[in-house]
Amino acid sequence: MPTDADFGERLESRTGTYLDRIDDCVALLPRALDEYASDGPYRETVGEIAAIESECDELVREITGIITNAGPDDVGLLNTRINFNESALLDFYKELDVVANHTERIVQEVVMMRPAADVDPFRDMREMASRIAEMTVVLGDVVAGFVRGLARSDATATLTEGIEAIRGLESECDELRNDAVATAFADDAIEEPLVYRELAILLDELANTIEDLTDRIVVIASKEPGIVTEAEPDASEE
């Protein structure tokens with residue numbers, strides 16, 4: 001019979017695998033844009049992104065199944081944090097799956113719209129993709145710590161630094177989005193500025209999704225004193 005410790009370890013393990021594949025998927029985003037700009041094998045990379053996204057779909061179904069199918073004997077006393085937050089946690093994994101889904105959509109839209117790559121708005125979008133890849137790496141660490149904190153009754157996790165890093169990178173993406181859109185419409189030499197606007201917004205939505213995931217973590221963790229997501233106020237400022 002599986003024990004509650006087995007349940008927590010299984011959830012952590014499958015989540016770790018899932019996070020690795022999300023990271024693999026998003027890491028291909030800036031590469032795909034680089035290859036598109038240089039007329040390289042970007043279609044192969046787009047296909048690789050699609051394959052990883054399908055794998056992510058399977059992994060998230062497995063993880064949500066682990067949570068929803070677990071009975072009292074599986075969860076046990078060691079995992080009351082999981083049981084208490086089950087609904088919010090299922091929503092969290094659903095939102096996490098959007099990261100891979102949206103990455104696939106972005107590269108598919110680039111292939112379909114065929115924007116010119118030798119212009120500043122595209123270069124801004126490439127920089128956005130790079131920031132998003134950085135955000136995803138940090139997100140993996142934050143989510144892993146978060147799930148570990150929920151799956152182990154005696155665990156503590158301090159996620160403040162990672163959450164703040166993600167917020168900072170998301171703000172940089174906002175600036176790059178604004179630059180891309182403004183330049184697309186200000187430069188008369190750029191054809192179809194609406195294409196760049198749409199792609200920049202899609203990239204921004206991906207960055208927003210990653211930041212929103214940290215906001216969800218903050219909300220859930222607010223009920224769990226062992227998981228720290230916000231910096232303690234400076235005593236000198238009180």
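Predicted model: local features only at pLDDT ≥ 70, side-chain atom pairs only at ≥ 80, totals over all residues.
Visitor: Are α5 and α8 roughly parallel or antiparallel to each other?

Guide: Axes are lines fitted to C-alpha atoms over the stretch in contact, with angles from 0 to 180 degrees between N-to-C directions, and angles over 145 degrees count as roughly antiparallel, under 35 as roughly parallel. Here helix α5 (residues 86-113) packs against helix α8 (residues 193-221) at about 165°, with the axes 10 Å apart, and the two are therefore roughly antiparallel.

Visitor: Which residues touch the most other members of the largest nonpolar core?

Guide: A nonpolar core is a set of buried Ala, Val, Leu, Ile, Met, Phe, Trp, Tyr and Cys residues joined through side-chain atoms within 4.5 Å. Among the 74 residues of the largest one, Y18, Y93, L96 and F146 touch the most other members, and α8 gives the largest share, 14 residues.

Visitor: Is E12 buried or exposed?

Guide: Buried means under 20% relative accessible area, and exposed over 50% (1.4 Å probe, protein chains only). E12, in helix α1 (residues 4-37), counts as buried because its relative accessibility is 17%. Taking contact as heavy atoms within 4.5 Å, E12 touches V147, R148, A151 and R152, leaving aside residues up to four places away in sequence.

Note on methods:
Residues numbered from 1 in each chain as written. Heavy atoms only, no water. Helix = DSSP H or I, 4+ residues; strand = E, 2+ residues; numbered from the N terminus. Parallel < 35°, antiparallel > 145°, perpendicular 65-115°, else oblique.
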